[in-house]
Amino acid sequence: MKALVTGGAGFIGSHTVDRLLEEGYEVRVLDNLDPKVHPKGIPGYLAAEAELIKGDVRNKEDLRRALKGVDIVVHQAAYQDYLPDYSTFFHTNVVSTALIYEVIREDGLEVEKVLVASSQAVYGEGQYRCEEHGLVQPPARPQEQLERGDWEVRCPFCGRYMEPMLLGEEHANPSSPYGTSKYSQELAAIRLGRLLGIPTVALRYSITQGPRQSLYNQYSGICRIFTLRLLNGKPPIIYEDGKQTRDYVHVDDVVEANILVLRSEDANYEVFNVGSGRPTTVLEYAELLAKKLGEEVEPIIPGEYRVGDARHSVSDISKLSSLGWSPKKDLEDIFEDYIVWVEGLGDLGTYFEEADRRMREMKVIRKVST
Ligand SMILES: NC(=O)c1ccc[n+]([C@@H]2O[C@H](COP(=O)([O-])OP(=O)(O)OC[C@H]3O[C@@H](n4cnc5c(N)ncnc54)[C@H](O)[C@@H]3O)[C@@H](O)[C@H]2O)c1
């Protein structure tokens with residue numbers, strides 16, 4: 001059996017490559033080695049047994065070469081950022097997905113399964129219960145509200161604060177260009193899969209963490225930024241009030257989910273969350289990480305917010321659990337594995353300052369006006 005992993009030189013992709021090799025697959029990687037993720041070229045962790053095609057998922061001929069003779073496709077390559085080059089999200093994440101099915105049909109390929117990497121970002125501001133209006137999927141919080149430092153989510157109909165709910169797969173309400181592209185990608189994949197009779201699955205990963213997460217990637221978030229600051233002797237900077245909740249999943253659990261849905265016929269044409277199912281506030285996260293690193297520093301909460309951030313994002317994982325999956329690793333494991341990896345890299349420098357500077361320049365980070 002032969003597998004194609006697009007984005008296989010990346011974080012989740014490379015761990016999936018290793019696991020597929022262990023399972024006895026021949027593995028081909030299609031990756032353009034995006035300099036934002038891989039400024040030093042081919043990452044040293046990429047398995048030598050995997051065949052690497054350096055190419056772009058937006059390029060039909062690159063995809064044609066990569067798809068030749070494969071039985072399964074794991075589509076991990078993506079454009080992930082906070083920056084306003086909207087069309088890049090759709091070219092890289094959606095058009096590439098349509099091209100995969102187009103080439104499969106044109107070349108009469110016998111692909112048995114396609115797995116696309118979606119994201120919790122498809123939920124946008126999330127799902128809430130309003131005392132009066134029941135289930136509400138609100139739009140992103142208005143700027144005027146955030147400028148006042150009023151962080152919790154209000155009902156768009158009556159203005160009451162609402163209770164956050166676990167995010168269920170039956171609803172999607174993306175607000176960012178990235179989230180919108182990921183939702184479009186899911187729709188394209190599952191519908192084109194059905195049209196061609198190619199079993200397809202989309203997995204909505206929560207914040208995935210672990211070794212190999214790029215230190216350069218602006219989007220790779222909280223663990224990278226907080227760890228780098230703490231290891232550089234600086235306190236983590238927390239946006240809003242730190243009580244926003246997130247859900248973190250170890251990359252090993254994500255790889256298990258990938259393998260499970262590739263095998264399971266019950267997963268075909270379905271969308272599943274892959275997360276921890278448990279809320280962790282950003283403040284708790286920062287405190288736990290500082291403790292793990294043995295640093296006694298209080299985080300800074302300067303009254304800033306990041307445009308487009310959701311207030312509460314914790315996925316309901318019962319649908320995937322019903323197929324026999326459950327997360328085996330917790331935050332402690334995430335920190336342990338990530339810290340060992342980052343310390344092993346040695347050249348920590350000031351990557352975090354560069355990411356911060358870029359987001360301020362693009363006005364993605366703003367300060368409350370009071
Ligand atoms: N890491 C997370 O927390 C997370 C959460 C939700 C969803 N996801 C999704 O999981 C997938 C993998 O994410 P990751 O964290 O491993 O990202 P990553 O940036 O580490 O890896 C992505 C890989 O894709 C490659 N790539 C980017 N654009 C490409 C293009 N046009 N053509 C070919 N290759 C290209 C990059 O070079 C990189 O090797 C993505 O689809 C992402 O949207 C990730």
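The model on your screen is predicted: local features need pLDDT of at least 70 and side-chain atom pairs count only at pLDDT 80 or more, while totals for chains, interfaces and linings use all residues. Residue numbers run from 1 along each chain as its sequence is written.

The loop around Arg212 runs between β10 and α6 (221-231). Helices (H or I, at least four residues) and strands (E, at least two) are DSSP runs, numbered from the N terminus.

Now jump to Leu33. This residue is also no glycine, and its phi is positive, about 50°. Look for Leu33 in the loop between β2 and β3 (51-54). Is Leu33 buried or partly exposed? Leu33 is partly exposed, because 18 other C-beta atoms lie within 10 Å.

**Zoom out**

Show the whole chain. The protein has 11 helices and 16 strands. Its radius of gyration is 20 Å, close to the 21 Å that the globule rule gives for 370 residues, so the protein is as compact as a globular protein of that length. That radius is taken over C-alpha atoms, and the rule is 2.2 Å times the number of residues to the power 0.38. Of the 370 residues, 45% are buried.

Next, think about contacts: two residues make one if their C-beta atoms, placed from the backbone, lie within 7 Å. Among contacts between residues at least 6 apart in sequence, 81% join residues at least 24 apart.

**Colour by domain**

Colour domain 1 (2-127 + 166-367) and domain 2 (128-142 + 149-164). These bounds come from an automatic or database domain assignment. The domain centres, taken over C-alpha atoms, are 28 Å apart. Where the two meet, 13 residues of domain 1 contact 12 residues of domain 2. On the domain 1 side there are nine polar residues, four charged ones and no nonpolar ones. The classes are set like this: Ala, Val, Leu, Ile, Met, Phe, Trp, Tyr, Cys and Pro are nonpolar; Asp, Glu, Lys and Arg are charged; the others, Gly among them, are polar.

**The ligand**

Centre on the ligand. Which residues come nearest? Among the 30 residues around the ligand, they are Gly7, Gly10, Phe11, Asp34 and Ala78. A residue counts as near if its C-beta atom, placed from the backbone, lies within 6 Å of the molecule. The shell divides into 13 nonpolar, 13 polar and four charged residues. At least two shell residues come from each of α1 (11-22), β2 (26-31), β5 (113-119) and β10 (207-209). α1 gives the largest share, three residues.

**Helix α1**

Select α1. This helix has 12 residues and reaches 17 Å from first C-alpha to last, close to the 16 Å expected at 1.5 Å a residue. The expected span is 1.5 Å times one less than the number of residues. Its buried residues are Phe11, Ile12, Gly13, Ser14, His15, Thr16, Val17 and Leu20. To see part of what covers them, show β1 (2-6), β2, β4 (72-75), β5, β10 and α7 (251-263). Just past the helix, Gly24 takes a positive phi of about 95°.

**Glu169, then helix α5**

Find Glu169 in the loop between β8 (163-164) and α5 (177-196). Glu169 counts as buried, with 20 C-beta neighbours inside 10 Å. Leaving out residues up to four places away in sequence, Glu169 touches Val271, Phe272, Asn273 and Lys319.

Move on to α5. Its end C-alpha atoms are 28 Å apart, which agrees with the 28 Å that its 20 residues should span. The helix is mostly covered: 14 of its 20 residues are buried. Tyr183 lies in this helix. With 24 other C-beta atoms within 10 Å, Tyr183 is buried. Apart from neighbours within four places in sequence, Tyr183 contacts Val122, Ala172 and Pro174. End the tour at Gly197, which follows α5 and has a positive phi near 70°.

Note on methods:
Buried ≥ 20, exposed ≤ 12 C-beta atoms within 10 Å, placed from the backbone.
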